[in-house]
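Let us walk through how two protein chains meet.

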Amino acid sequence: MARPALGRTTARPEEVGRPRIAHLDRDRSLVTAAQADPARFESLYRKYVAQVFNYAVYELRDHHEAEDATERTFLSALTNLHRFEERARPDDGEGASTFRVWLFQIARNVVAERRRARRRRPETPLETALEAADPHDLEHAAVVRDEASAAWRAVGRLDGDRRRAVVLRFVHEMSTAEIAGILDRSEGAVRVLLHRALRSVAGDLRRDGR
Amino acid sequence: MRPGVLGGEPDIEALIVDRYLESLLARRPTDPSGVAADLRATAQRLTAELPRHHPSFRFEEALAARLAAVAGRIEAGELVDLPIALDARERADERAGLARPVVIGGVITSAALSIAGAAFVAWRRSHPPLAPMSRAVRAVARMRPV
């Protein structure tokens, strides 16, 4: 990658001229194993498949498209794993994972491509499709209730990176540094994004009277 | 931009809210007095109410099998498609404004019309199709008064 995954663009003075050493990446051993033996990529896949799928559902609002995006994300990650370079450092925080940031960067690219394709070929959004679901399908009805919640709708009304920042923060519980790495912004910019998004959602919920 | 609740810079308010969110997600909420009440309530709602979607077991297992097959191909040294690399190149092309005009046969046309396409059209014109119906349609078209 051309830039550090956790949002910094320059090395600190004390780091210049010596190699970076990652101590804390929680995925480091799994990544190293998968780079040596691609069959061991399955551990990383099992660990993150739900997160990537969840992110794709929030972005695409369509379960089938989310499955497709998830598949493309992991296939891309597997075939590009040899290019991945660990960059987490001790003060990136306990458990910081640049692999997760890298994986979500891929997911973000895949989702963006799906959205471009969708603009060329408009389809029914999730909410409309769910309303037309079989009324006797209880599992589906539960999904309708969940996804039609005020919070879900308010987040859906946020635009672009505000929505992504909220989802990464509140659903995936990522740190500001990780979100900055995924969205390719500074940490300060992510803080402002989140703050404005929170204000927007608060206003939306107030207008909804909920 | 509206001022922060502390009356200071909005960036400072964003920083305070961010620290509050960090503590909220760490399940160790700090003193929330610096954060507006409506933002606190909204943050708590989002934390509690946003649904988590999980892929179906069937999908998860099918993808695991596909990844295992691809891993086997990588291990065997076969070339595997790199869709993301292509996507990145597409985006770079978009930024560079690749939809620039291309000159084909003295006519400025769009990049969407490839040189191969132009060559095919030229070849087609010089080689009429063999199907009788196609020849008949062309013959009728040629006879039609302009």
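The contact draws 55 residues from chain A and 50 residues from chain B; contact means heavy atoms within 4.5 Å. This is a predicted model, where local features need pLDDT of at least 70, side-chain atom pairs count only at pLDDT 80 or more, and totals for chains, interfaces and linings use all residues. Residues are numbered from 1 along each chain as its sequence is written, chains are lettered from A in the order in which they are written, and side-chain values use heavy atoms, without hydrogens and water.

Together the chains bury about 4,900 Å², with 63% of it on carbon and sulfur atoms. Buried area is the accessible area (1.4 Å probe) that two parts lose on being put together, summed over both.

Now look for charges. Nine salt bridges are counted between chain A and chain B. Each is a side-chain nitrogen of Lys or Arg within 4 Å of a carboxyl oxygen of Asp or Glu. E173(A) and R52(B) form a salt bridge through their side chains, at 3.9 Å from N to O. By class, the side of chain A that touches chain B has 27 nonpolar, eleven polar and 17 charged residues. Here Ala, Val, Leu, Ile, Met, Phe, Trp, Tyr, Cys and Pro count as nonpolar, Asp, Glu, Lys and Arg as charged, and the others, Gly among them, as polar.

Finally, follow one residue, F41(A). Beyond its neighbours within four places in sequence, F41(A) contacts A34(A), F74(A), A77(A), L78(A), L81(A) and F99(A), and also L67(B).
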